[in-house]
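Subject: Structure handover

Hello,

Please find below the structure you are taking over. My notes on it follow.

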Amino acid sequence: MFYFNGAFASQWVRRFFKKFMALKLLWFMVYCKEVRISISRKGEQIVLNEKKIHVMAKLSLMEQDKEKFEIKDYYMGDYVRYHLLKTTVRVTVGYILILFLTIVCNAETLINSAVTLDYAGIAMYAVIVYIVLISVYAIGSLLCYAYKYKRAQHYVAKYEKGLGILHRFYQSDSEHK
């Protein structure tokens, strides 16, 4: 039985709201061109570099997607083969479960006609269906995960380009001081 804990829910809502508001602020800073920020500290006025803030906010939003940064640790072939293996194992387990449930559901028919059944034909049919099923899922898995890898590599390259821009901002700031 599930019990709803009000204190836990309110903490979860507060954390979600904080994260949501932070992302909303970052989105605003990235997509609004007219961000004017000035801070006064002990009588001196500090004007922040809008382009630098824009780049930092964009990089911060990109860092939220950790899965794409984990993908870059793999070679493409290793990543695709690993997920192909996972897909194959899952499809095999699922097929065996469905085959078992089919046998259990039709147990009475199988027992009544046990002598007249063509077991070799049934086994051949099951193997052909399995091979077709594995082939379809393997091709789909290969295409899907290769595409996902390419997109993640593009995403990480874009992130690293932003880091380079940010690094140049910091170098120019250190030269001016």
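Is Glu67 buried, partly exposed or exposed? Glu67 counts as partly exposed, because its relative accessibility is 40%; buried means under 20% relative accessible area, exposed over 50%, and partly exposed in between (1.4 Å probe, protein chains only).

Some ground rules come before the rest. This is a predicted model, in which local features need pLDDT of at least 70, side-chain atom pairs count only at pLDDT 80 or more, and totals for chains, interfaces and linings use all residues. Residues are numbered from 1 along each chain as its sequence is written, and side-chain values use heavy atoms, with hydrogens and water left out.

Confidence

The mean pLDDT of the protein chain (the predictor's confidence in each residue, from 0 to 100) is 79, and 71% of the residues reach 70 or more. Confidence is highest in helix α4 (residues 76-105), at a mean of 95, and lowest in strand β1 (residues 38-41), at 49. Two stretches stay under 50. For residues 1-9, the model has one contact beyond four places in sequence, where contact means heavy atoms within 4.5 Å. For residues 33-40, also under 50, the model has 15 such contacts.

Overall layout

The protein chain holds six helices and two strands; helices (H or I, at least four residues) and strands (E, at least two) are DSSP runs, numbered from the N terminus. Their order from the N terminus is α-β-β-α-α-α-α-α. Of the 177 residues, 20% count as buried. Taking contacts between residues at least 6 apart in sequence, 81% join residues at least 24 apart. The accessible surface is about 14,400 Å², with 66% of it belonging to carbon and sulfur atoms; such areas come from the Shrake-Rupley method with a 1.4 Å probe, and for residues only the protein chains shown count as cover.

Helix α4

The 30 residues of α4 should span 44 Å at 1.5 Å a residue, and the end C-alpha atoms are 43 Å apart, which agrees. The expected span is 1.5 Å times one less than the number of residues. Buried residues of α4 include Tyr79, Val80 and Tyr95. His83 also lies in this helix and counts as buried, because its relative accessibility is 11%. Beyond its neighbours within four places in sequence, His83 is in contact with Ser141 and Tyr145.

Salt bridges

Side chains of opposite charge can pair when their charged atoms come close. With a salt bridge taken as a side-chain nitrogen of Lys or Arg within 4 Å of a carboxyl oxygen of Asp or Glu, the count comes to two. Lys148 and Glu67 form one of them, at 2.6 Å from N to O. Lys148 lies in helix α6 and Glu67 in helix α3 (residues 66-71), so the pair ties together parts that are 81 residues apart in sequence. Lys148 is partly exposed, at 31% relative accessible area.

Asp78 and Arg81 also form a salt bridge, with their closest N and O atoms 3.5 Å apart. These two are three residues apart in helix α4, and therefore separated by about one helical turn. Asp78 is partly exposed at 39% relative accessibility, while Arg81 is exposed at 53%.

Surface patch

A nonpolar patch on the surface is formed by Met124, Ile128, Val132, Val136 and Tyr137, with about 500 Å² of accessible area together. Patches are made of residues with over 30% relative accessible area and no salt bridge: like charges are joined within 9 Å, nonpolar side chains (Val, Leu, Ile, Met, Phe, Trp, Tyr) within 5 Å. Met124 lies in helix α6 (residues 119-176).

Regards
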